[in-house]
Amino acid sequence: MRLSTVILPDRRWSEGGRESWQRAEELGFHTAYTYDHLSWRTFRDGPWFGAIPTLTAAAGVTSRMRLGTLVTSPNFRHPVTLAKELISLDDISGGRITLGVGAGGSGFDATALLREGQAPWTPRERADRFAEFVPLLDRLLTEDVVTAEGEHYAAHEVRNIPGCVQRPRLPFAVAATGPRGMRLAARHGQAWVTTGDPKIYETGTPEQSRAAIAGQIERLGAICAEAGRDVAELPKVMLTGFTPDRPLDSFDAFVDFAGSHAELGIDEIVVHWPIADSIFAADVAVFEKIAAEGLAQLS
């Protein structure tokens with residue numbers, strides 16, 4: 001099992017932003033991700049910086065740790081421009097980028113670009129766009145020249161030379177709990193991402209959450225089998241913070257959480273970097289002990 005973190009882009013680079021990424025590498029995290037949003041929930045009225053520039057800066061002050069988004073979505077991204085940015089970022093980082101990608105939600109990202117009176121996309125419309133977005137992005141990152149025309153996205157003789165440092169392209173970690181998204185993970189993903197079952201988050205129990213995740217993995221297995229892929233070869237990533245569990249409350253709580261989710265088949269656990277006075281508040285000393293020693297308790 002691997003342990004990674006999410007560092008929200010909520011601080012100026014000169015006021016703690018740089019230090020968080022450097023410290024994450026010192027602590028030995030496998031990957032440090034950041035959210036790719038225009039703004040997010042309770043952080044909307046505070047500082048919030050762009051994901052790609054933040055990751056570019058992080059690439060310049062780290063050397064070993066992988067970096068990535070968790071997650072990018074079609075809500076305000078286009079595959080053509082995103083591909084160009086990702087190829088550049090992969091080059092600058094020396095091939096350390098993972099693209100976490102999902103269908104997007106109904107938050108601020110979904111409405112920021114709308115004209116007055118225009119309705120946001122429905123869940124079905126987001127899924128339709130996601131189903132086009134991922135395969136086109138795959139092509140844009142693997143082929144030198146791409147021409148494509150879909151219902152939602154088009155590319156006309158788009159050049160992406162020299163391509164990614166990572167071959168055939170940087171890896172996709174596809175966030176999905178529904179069948180359409182899971183099919184994309186099976187076909188295009190180098191990892192699958194879950195946050196658990198949102199219906200259980202506020203009123204359920206940890207036991208119910210684990211049962212729901214087990215069900216997700218079972219469905220993923222069936223879909224991978226249909227696609228001719230062994231689900232055991234698709235790494236499974238658990239983004240914490242959205243289940244009834246509280247793995248950062250103590251060192252023992254994390255060890256119990258990690259062990260029980262390893263039994264389900266989770267390969268990578270992602271914890272949020274502590275942010276005081278927020279839903280991601282945590283004791284920094286406990287967090288750093290978890291980073292340094294947590295997974296060793298599972299062996």
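## Terms and source

Helices (H or I, at least four residues) and strands (E, at least two) are DSSP runs, numbered from the N terminus. This is a predicted model, in which local features need pLDDT of at least 70 and side-chain atom pairs count only at pLDDT 80 or more, while totals for chains, interfaces and linings use all residues. Residues are numbered from 1 along each chain as its sequence is written, and side-chain values use heavy atoms, with hydrogens and water left out.

## The largest pocket

A pocket is an open set of points on a 1 Å grid over the protein atoms alone, where a 1.4 Å probe fits, with protein on both sides within 12 Å along at least five of seven lines; its lining residues have an atom within 4 Å of a point. The largest pocket is lined by 42 residues, and those nearest its centre are Arg41, Val71, Gly104, Gly105 and Thr195. Two or more lining residues come from each of strand E3 (66–72), helix H4 (123–142), helix H5 (179–188) and strand E8 (191–194), with H4 giving the largest share, five residues.

## Helix H5

The buried residues of H5 (buried means under 20% relative accessible area, with a 1.4 Å probe and protein chains only) are Gly181, Met182, Leu184, Ala185, Ala186 and His188. They pack against H4, strand E7 (172–175), E8 and helix H6 (206–226), where contact means heavy atoms within 4.5 Å.

## The second largest pocket

The second largest pocket is lined by 17 residues, of which Gly241, Asp245, Arg246, Ile279 and Ala281 are the closest to its centre.

Terms used:
Buried means under 20% relative accessible area, exposed over 50%, partly exposed in between (1.4 Å probe, protein chains only).
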